[in-house]
Amino acid sequence: FDLLYSLIAAYKSISAFKEMVAMLQPFFTGTLKDNIYIRQQLAFACNKIGNRDEAEAILKPITDQYGADPETNGLLGAVYKGLMDDNKNDPDLSAEYRRQAVNAYVDGFESDPRYYYPGINALTLMYFDDEPDERFTKLLPLVTFAVERQLKVKAKDYWVQVTLLELAALSLNEADAKKYLSAALTCQPQNWMKETTAANLKKIYNKAVQTKDEQSLQWLKNIVIKLNPGIFQV
């Protein structure tokens, strides 16, 4: 198991998600088919290479059998968020997948509010709604408390720092956003981690620029570019 976990971490570090799927698929259909961690990691890798249906089919039986949990629901929310992006040219379908993603994330956060990951993703997706989601104001202080609590013991954790960065971006707090970006980059994140953060922040920027002056949001655009230099060229 130690070797398998090390290989999973190694594949993630170089964004070798196709190779990760090829490695884990035999375990999923063999002796470790009931191992939740293996199922979660296989679903994660499938989603990263765009196999959304396969990822959902791996994750849904876990939540159906055991109920919501932050990790599984966080991964399931990411699948629906990917489908939201895949269908961006169909506003109705994209909105439906966003709704499903928000619900998955909220269920994951409420199952154990100590884990901020599904909470921040729910907040970010709610930010995109044209109509305010009443859950936003309820969740915002809870997620903020959860991540600030983790900061006390995990100051060198990239995800802790960029969650605070994302919260600052949602509030359009330039000073805090820049502070947490610098702290996050000292954590030596892998490329896929920075790309994930940049994609979230780009969505926030694109929403904010609809009602704010583009020049006044240049700081946020610069942060996104620093995390992923080519993201606005796609």
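Predicted model: local features only at pLDDT ≥ 70, side-chain atom pairs only at ≥ 80, totals over all residues.
Me: At what angle do α6 and α8 pack?
Reply: Helix α6, residues 91-111, packs on helix α8, residues 134-151, at an angle of about 45°, and their axes lie 12 Å apart. That angle makes α6 oblique to α8, and α6 passes α8 in a left-handed crossing.

Me: Which residues make the contact?
Reply: From α6 the contact is made by Val 102, Asn 103, Val 106, Phe 109 and Glu 110, while α8 brings in Arg 135, Lys 138, Leu 139, Leu 142 and Val 143. These residues divide into six nonpolar, one polar and three charged.

Me: What do the side chains of Lys 138 and Glu 110 form?
Reply: They meet in a salt bridge, with an N to O distance of 3.3 Å. The pair links distant parts of the chain, since Lys 138 is in helix α8 and Glu 110 in helix α6, 28 residues apart. Lys 138 is partly exposed at a relative accessible area of 48%, and Glu 110 is also partly exposed, at 41%.

Me: Switching topic, how many salt bridges are there in the structure?
Reply: The structure holds 10 salt bridges, and one of them joins the side chains of Asp 64 and Lys 60 at 3.7 Å, N to O.

Me: How far apart are Asp 64 and Lys 60 in helix α4?
Reply: They are four residues apart in helix α4, residues 52-66, and are therefore separated by about one helical turn. Asp 64 is exposed, with a relative accessible area of 59%, whereas Lys 60 is partly exposed, with 30%.

Methods:
Residues numbered from 1 in each chain as written. Heavy atoms only, no water. Axes fitted to C-alpha atoms, helices over the stretch in contact; angles between N-to-C directions. Helix = DSSP H or I, 4+ residues; strand = E, 2+ residues; numbered from the N terminus. Parallel < 35°, antiparallel > 145°, perpendicular 65-115°, else oblique. Left-handed = near helix turned anticlockwise from the far one by under 90°. Contact = heavy atoms within 4.5 Å. Nonpolar A, V, L, I, M, F, W, Y, C, P; charged D, E, K, R; others polar. Salt bridge = Lys/Arg side-chain N within 4 Å of Asp/Glu carboxyl O. Buried < 20%, exposed > 50% of the residue type's maximum accessible area, 1.4 Å probe, protein only.
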